[in-house]
Structure formats: structure tokens, C-alpha cells
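Hi everyone, thanks for having me. Could we put the structure up on the screen before I start?

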2 protein chains.
Amino acid sequence: MRICDRTGVHSAKISPKIRALNNPPETKTQLLENLKLDDSNSIRLPAADLHRQVSAILQGVGTPPEHAETTAKILVSASLRGVDTHGVGNVVRYSQSIEDDTYTVPQIVETISETDTTALLSCGNGLGFVAAHHGMEMSIAKAREFGIGMVTIRDGHHIGMVGYYPMMAADEDMIGMAMTNASPAVRPALGARPRVGTNPIAFAAPAGKERDFVFDMATSTVASGKIALARRLGVPMPVGWAVTAEGEPITVPPADRSEAWSMNPLGNTREQGSHKGYGLGLVVDILCGVLSGGGFGTQLSAGENMTWTMAIDISKFRDVDDFKSMMDDMIRELHATPALPGADRVLVAGDPEADAAEDRTLNGVPVEHRQYDEMRQRAVGLGVEVFI
Amino acid sequence: MRICDRTGVHSAKISPKIRALNNPPETKTQLLENLKLDDSNSIRLPAADLHRQVSAILQGVGTPPEHAETTAKILVSASLRGVDTHGVGNVVRYSQSIEDDTYTVPQIVETISETDTTALLSCGNGLGFVAAHHGMEMSIAKAREFGIGMVTIRDGHHIGMVGYYPMMAADEDMIGMAMTNASPAVRPALGARPRVGTNPIAFAAPAGKERDFVFDMATSTVASGKIALARRLGVPMPVGWAVTAEGEPITVPPADRSEAWSMNPLGNTREQGSHKGYGLGLVVDILCGVLSGGGFGTQLSAGENMTWTMAIDISKFRDVDDFKSMMDDMIRELHATPALPGADRVLVAGDPEADAAEDRTLNGVPVEHRQYDEMRQRAVGLGVEVFI
């Protein structure tokens, strides 16, 4: 085996000129700040109004009220938690997918096989949110009775912010986990073509006095939504997020997926662990796509997503209060870690999102100007009430 | 929140001089090759002889034969699969830990709580291998009956190559998963001190005609055993594996753990996803340490490890042959991915280890000269038979 994985930040093949052009050190921090919404590019709206608007648009294209409400709840949660790439603005494209029959609505979420602890569902080619939410509810109910519940879901679509589903379990004093796979965007380690989805993994566990641990990561270097956001905002990407089929770094966010470029797996280079992000992506493909039979990366069309959820009843192992108290101790210990020179403080997964939710619950949810216009136009076009 | 995580490959604070000194591009590939065993630094021995030697040494310090045999089986499997950092040579330090009463031998593996699908075990402060092996056996038995089995284990020690345990499940047509936590070695994202263990995650799923998917990753950039191996072989580490408390990269492998340096979490820098490796490390701490009550990173002494295992019975979800056939399709698709310029071919998790096992089963297992001498001396010192 040769061990040269030449893309990304460590590559000997990236000339100093390309490196300097792509990622001038002094603007590095700025690049990430550019991806944040602020008063210049967004408008703040009350979460309740956004919920009503999302639900109305979905119902305007034939979604049953209960399914529209579930989807709205999850989209607004993402917007409240600052996960804007997975927020309310996406309702426009979901409504289009319903209108052009890419999604089947009303959908029938069907149980294909089931045991006390497991289930295989079909999402019925409808809104992924609906089946994923149902899957986590089933997982929680099974876990309450039998200790663990696990549900894998085929024939599905986008489920939004994956972290939402494990949070449902944490709210019930359980550990929750969810994953979803997608059509190819990420190259395998050593590979030069996209063959794996960004395949996110989410995990939540309840704390006591501290905030719950809520972890949600794409197995690529960044979520693809970040690349789309960079494109919409017109800012460059850092070197390390994407490469050409020749392994050269890309910093101008591409408009469409193609064989000509790939996102990098978490780790980027062989020396820094690209096989780890790649392997995690395949774990997601196996649990979501192969265990369900819905298909792995290259078997999926753009917009198809298979999903896996699990809930673990902590009380079956040990006293829940003792568990939460130890979670508190862990979180406090981590928060007390001295930060690197130049960094403010050490965070724990879920901190930035909980901070955003506090702010946005109080001050409104920022929505990008373009997405705000699109949502209003969509509501007007469908003849449903305009709430925003 | 400030978002500057200044260590690692992207750091603006690493002077070009330090960068060049630490990681001359032309020797990058060589650095990793230096970590491989070959005829110059090792001797090849038959796996069966190594098994007998490991078992004899463990029994020589009072380990019951059954526990010694289980431990030998797992250590030899690691050596056969090319995971030399977790191989037979480690028997010397385990035997010392038994002799100095750091390990309790004979150990009693006790069931603290149990349901149809779950169990909390105590490793009895003995060999981690014994309890982890028992935990996965329980997980498999529970999964066979109830769909899923999950076991978390406290009061434990090192369990060796974590990938071994999921392979036990894959051999039974199940999906297997295992994790183990450890005392601090890795800094949190944005943090400047070690607070999280290298906390590996392993996952296996059976294929049909192709080789099983077997994935085993530390949640740090590299496993700590790689740093120890680099030290023993006297070769430098690449930039990105470890930093000082000031965030400066370290390339000379340090002899001991201390507050003065940390390994980096997978992802290395904030821009490239350091919060992901860090978050995964905490997932491991939660499932192994908090769910068991055995303790998270900073609550553990060096050499303490809590462990978590899970088995999923594929047949409860769908036909096993169909599952395996889809695994084959996925693996073939990935193998067929065009490689980056300079790379031979795209691999799937488990490929390098299966290649090594084929070679080493036929031609013998390479053991570092120093470890070979140590094992022989240990056997002689204990008055047990010398097989190697």
C-alpha cells in the first residue's frame, strides 16, 4: 500500500502560492465569522411566527397538519439553536419537492419488520422529518420497556438537524443517537471522487444542573450546508474542505455536486486521520442504508436519505440522578480547562447551540434576507396565510 | 465565542522555520513508513508460539488459565492483524501490573445490574480483556434473543485492540460495536491541557464474499501507541499529532504523559473539525465511563479503562444474506474509486489488517527485537516455559 494522500493542508503538492492565495493566515478567523448571520444579511423574527409559516407552507402543498407541525417544530428548533443551514429557510425546497412529486405526500410511514427492541420502517418516500421523529419515538418507547430501542428507516428524505432526534431521548432521561446517510459528496481516504455522503452522527445525553450534552457532526470536514452558505454569502472556503479530482484544494464554493470535486473526510490527510472520517461515514451508511436496505451512498439520488435512531434507557444500567451528576462533573471539568492562547474558553458539545437558543428565544431568529423573501413569496404563491 | 484554535497544521503561529524543521515535505511518506516493523527491527515468529508464550507469562503471575487464554487470543489477533502497538509485546507490562497488584488477579467479573438487553459489569480491577470479551459475549447472546445487547463495564483496565470485540459479533452475523475510555492524553478543542483519553471507537459488520468491514479508530489524530512506537523506533512525529500547553507543535515523541503537552483531537484545528474528534471522545467517555459509573477521563488513573460493547442482530431487521450482499456491493464500489494521484488504491476499513493477517499467518508475526527480548526474559524470570 502506498500511503500518500496528497490533498489538504499537509500536501507537498500545494504550492506555497496556492496555499497563500487560498488561505491567508490573517483572515482565517474572519472566514468562519463570515458564515455567521448578522443584521447585515438577515432579519430577526419570532420563533412562533416562523413555526406557523413553515407549517402553513407545508400544508399549502398538501402535507397533513400533523406532519407539517412535526416538520415545523424540528426546522424551528434548528433555527433557534443557530444551525441555520438546517433551519426554516429550507421549507421552500421541501415544498417544491412535494409539488414536483419527488416527495410523496401524504406519506405512509410503514413498519416493515419489528421486534420488542427493533424496527425497520419505510418513510413512504415522504418528509424525512416525519419518519425520523416517529422512529425516535418508537426507539424511546422500546427503550423504556426493554432497555434499548433501535429503528432504521428506508425510502426517506432529508431529516434536517440530526441532533434534534437524540435530544428527544435526552428529554426522557435517555441517551439518544441518530445518523442519516446521503448521496455522495465526500471522497474516500486516498480516493479522488465523491463516493460517500456527509453522513452525520448525532448523540445526546442528559446532564443535571449543566446543559445536556448534544453532539452533531458531519463525518466530512464540514457539513455541506456550510459550503452552500459560503456560496450564498459569497465568501471563500478554507483550504481543507474540498478538492478537485486531481487533489487540488478548492476555496470557491462550487454550485453543484459533480465528479469533478469532493468534500474531504474529517481528518483530510492520511497522516491526520482521513481514514477515520471516511470510516465513520461508512458506519453511517451501514446502519442507515445497509441495515435498512434503503441503500448506501452511491445507490442514493440527491435528496434521498436513510436514517437510524437509537435510545438507551439509562435507568436500566444505573441510577439516573447519579448518571446526571457525573455528567455535570465532566462538563464542569471540561469548562475549567485552560484555553489555548487566543481562545476564550473550552466548550462542550451543545454549548454554542444552547447559547444561540437563549438569545434567539429572547431576541428572535435571524433569517437570511433571501430566504425570508423566498418564504414570503412561497406563502403568497400558495395562497396561505403570511405570518412573517 | 472566539473561534481561534491555533494549534496544528493550519496555525498562523507556527513559524515557517518550525514547520520546515518539523515536517520536511519530502520525508512525509517516510515518517509513516518508519513506524512499520521490518527485518531490521523485528523477528518473525509463529502466531501459535506467541500465543503459548503470552498465556504462559500471564499464568506465571497467577492468571487463571481461561483468562490467560482469552487475553492471549486477543493479543495475538492484534499482532496477526498488524496492530503491533496493541500486540503480544504488551504482555510484559500486563504481567508487571498483575505482579505489583495494580491488577487484581484472579479477577471476579461481576454483574451489577442486568435486563434482557442490558448489563452493567464490574471488571473486578483485573485484566480488561477478560471482562470486555465476556461483555461482548453477553451482548451477542442478548442480541440473538432480543435483537440488541449492550454491556458497559466499570473497574477495568486495558482491553487491547478494540476492534477485536466487534469482530466477535460480525463472526455471528451481527453488527458489533465497542469503545473504551482512558485517562487524559488529548486536549479538548480550544483547550490547552490533556483532559480526554484517546478513547477509541470500533465497529464491525459482516460482508458476504468481500472481507468484513472492521473499523477501529482513536478519537485523537493518532492512537497513543503510535507515539510510543515512534519513540521506541527513534523517529519524529508529523506536525499535528501533539502540542505543548502553549499550542506549539511537538515532533519529538515525549516519554511520559504530563500537563505540559497534549495529543490533538481528530480534526486538529477548529476550521478542520477539532470539535468533532473532541466530541467523539466524550461520546466514548459517556457510554463507557458515565453509563457504567466507572468514571470519565480525568477521574481515571493511567491504566484504568472502562468499556462499552453492543451487538445488533441483523436478522431482526432484514435478511442477513441480503444485508451481506449489499455490503459486498458497497465495498466493491469503494474499491473501484479512482485513487488520488500518487495513491495506489482506495481501501475499506479492515483491508490493511486483513492483508497483514494473511501475510503473518503464512510468514510469521514480526515482533520488535526489544519486545522479543523482554518477553523471553520475562518468561525466564518467572520460570515458565520459553516458546519463542
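Predicted model: local features only at pLDDT ≥ 70, side-chain atom pairs only at ≥ 80, totals over all residues.

Let's start in chain A. Here you can find an open sheet of seven strands, and its pairing is mixed. Reading across, the order is β2-β3-β4-β10-β5-β6-β7. Which strands sit at the edges? They are β2 (110-114) and β7 (213-217) of chain A, and each pairs on one side only. From one strand to the next, the twist averages 15°.

A quick reminder: strands of a sheet pair through backbone hydrogen bonds, either parallel or antiparallel. For one example, look at β6 of chain A, residues 201-205, which pairs with β7(A) in the antiparallel sense over five bridges. Within that stretch, Ala205(A) stands opposite Phe213(A) in β7(A).

Now the helices. Helix α6 of chain A, residues 128-146, lies across β3, β4, β5 and β10 of chain A, and runs at about 25° to β10(A). Helix α9 of chain A, residues 274-290, lies across β4, β5, β6 and β10 of chain A, with an angle of about 95° to β5(A).

Finally, how many residues does each chain give to the contact? Chain A gives 82 residues and chain B gives 84 residues. On the chain B side, the elements giving two or more residues include α2 (28-33), α9 (274-290) and α10 (320-335), along with strands such as β3 (118-122) and β7 (213-217) of chain B. That side of chain B divides into 44 nonpolar, 22 polar and 18 charged residues.

Note on methods
Residues numbered from 1 in each chain as written. Chains lettered and ligands numbered in written order. Contact = placed C-beta atoms within 7 Å. Helix = DSSP H or I, 4+ residues; strand = E, 2+ residues; numbered from the N terminus. Nonpolar A, V, L, I, M, F, W, Y, C, P; charged D, E, K, R; others polar. Pairing = 2+ DSSP bridges. Axes fitted to C-alpha atoms, helices over the stretch in contact; angles between N-to-C directions.
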